[in-house]
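The following note is intended for a colleague who is opening this structure for the first time. Please read the points in order, with the structure in view.

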Amino acid sequence: MADPIPTLTTLANVKKYLKLSAVNADRDTLLSTIICAIEQNIKDFCNTDFLADATDRTEYYDGNGGDVLLVNHYPIISITSLHDDPYRAFESNSEIRSTDYVIYAKQGKIVLTADPRLALTGSNFSVGKQNIRIVYKTGYLTVPYNVILAVWLWCGIEFDKYKDEMQGVVSRTVGEKTTRLEITDIPKDIYGLIIKYRVPLVK
C-alpha cells in the first residue's frame with residue numbers, strides 16, 4: 001500500500017516545521033499518516049476539502065420563493081449554469097442568465113437581481129422541490145495560510161505524543177512495534193485558526 005499523501009501541506013514542510021532534517025522511511029510514513037488524519041479532521045469539521053474543484057459539481061436545491069440561493073460549498077469560483085424549473089427538466093428556457101444574478105463568492109450566496117426580463121421567476125426563485133439546479137466550481141485556489149498553520153501546529157502536538165509513545169485510534173506498525181495515534185478532539189489553538197472556514201450545510 002502506498003504511503004498517504006497530504007493535500008493541504010507537504011511532508012517536507014511539516015518536517016521543516018518540526019525541525020526534522022534526516023530521512024527516516026518508517027518515521028516519515030508514520031508522519032504522513034498523522035498529517036493525513038489531521039487534514040481529514042479539519043476538512044470534516046469545516047465541511048470542505050479546501051481544494052479548488054477540478055471539474056464542475058452539480059447540486060439541486062428546493063426553491064422557497066425568495067431571491068437568495070445559499071449553496072453547500074464555497075467559496076464559489078465560477079457558475080457554469082443556474083436553472084430554476086418546477087418541472088425539473090432543466091431545459092434551456094429555464095436557465096437564468098449570469099447577468100440576472102449576483103454572486104457573493106465567499107458566502108456561497110447567489111442573489112437574483114430585480115430584472116423584469118426574468119420571464120420565468122421575476123426576481124425570485126420558484127417554490128418547489130429540487131427545482132433549482134446549479135452547476136459550479138468551488139474551493140480555494142490557494143489553501144488559506146491559517147489552515148496550513150493549523151495542520152503544522154496540530155502535527156507538532158501529535159508528533160510530541162509519538163516521541164513519548166503515542167496512543168490512539170490511527171494504527172501504524174513499524175517493524176514489530178504497533179503505534180496508535182489519538183487524533184480526535186481539535187485543540188483550542190487549532191480551533192481558533194479554522195473556525196472561520198467552517199461551512200454550515202444548507203438543509
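1. A residue is called buried when its relative accessible area is under 20%, exposed when over 50%, and partly exposed in between, using a 1.4 Å probe and protein chains only. By that rule, 43% of the 203 residues in the protein are buried. The accessible surface, calculated by the Shrake-Rupley method with a 1.4 Å probe and, for residues, with only the protein chains shown as cover, comes to about 11,500 Å², and carbon and sulfur atoms hold 52% of this surface.

2. The model is predicted: local features need pLDDT of at least 70 and side-chain atom pairs count only at pLDDT 80 or more, whereas totals for chains, interfaces and linings use all residues. Residues are numbered from 1 along each chain as its sequence is written, and side-chain values use heavy atoms, with hydrogens and water left out.

3. Helices (H or I, at least four residues) and strands (E, at least two) are DSSP runs, numbered from the N terminus. The protein has four helices and eight strands, and along the sequence they follow the pattern α-α-β-β-β-β-β-β-α-β-β-α. Contact means heavy atoms within 4.5 Å. Of the contacts with a separation of 6 or more, 74% are between residues 24 or more positions apart.

4. Two strands pair if DSSP finds at least two bridges between them. Three strands form this sheet in the order β2-β5-β4, with antiparallel pairing. Because β2 (68–70) and β4 (101–104) stand at the edges with a single partner strand each, one side of each has no neighbour in the sheet. With axes taken as lines fitted to C-alpha atoms, neighbouring strands are turned by 15° against each other on average, direction ignored. Four bridges join β4 to β5 (residues 109–112) in the antiparallel sense, and Tyr101 stands opposite Leu112 in β5.

5. Which residues have the most contacts inside the largest nonpolar core? A nonpolar core is a set of buried Ala, Val, Leu, Ile, Met, Phe, Trp, Tyr and Cys residues joined through side-chain atoms within 4.5 Å. The largest has 26 residues, and Leu31, Ile42, Phe50 and Ile194 have the most contacts inside it. The elements giving two or more residues to this core are α2 (25–46), α3 (145–163) and α4 (188–194); α2 gives the most, with eight residues. Beyond its neighbours within four places in sequence, Leu31 is in contact with Leu11, Val14, Lys15, Leu18, Leu20 and Phe159. A second, separate core of 16 residues includes Ile79, Tyr101, Phe125 and Tyr136.

6. Rings of Phe, Tyr and Trp (its six-membered ring) pair if their centres lie within 6.5 Å; planes under 30 degrees apart count as stacked, over 60 as edge-to-face and the rest as tilted. The count comes to six aromatic pairs. One of them is the tilted pair of Phe50 and Tyr140, at 5.6 Å centre to centre and 35° between the planes. Phe50 lies in the loop between α2 and β1 (57–64) and Tyr140 in the loop between β6 (127–138) and α3, so the pair ties together parts that are 90 residues apart in sequence. Both Phe50 and Tyr140 are buried, and ring pairs link these two and Tyr197 into a cluster.

7. The pair of Tyr60 and Phe90 is also tilted, because its ring centres are 5.6 Å apart and its planes are at 55°. Tyr60 is partly exposed, with a relative accessible area of 38%, whereas Phe90 counts as buried at 11%.

8. Most residues other than glycine have a negative phi, and most peptide bonds are trans. A cis peptide bond joins Tyr74 and Pro75, with omega about 10°; Pro75 lies in the loop between β2 and β3. Arg88, which is not a glycine, has a positive phi of about 60°; Arg88 is found in the loop between β3 and β4 and is partly exposed at 45% relative accessible area. Gln130 has a positive phi near 55°, lies in strand β6 and is partly exposed at 36%.

Terms used
Axes fitted to C-alpha atoms, helices over the stretch in contact; angles between N-to-C directions.
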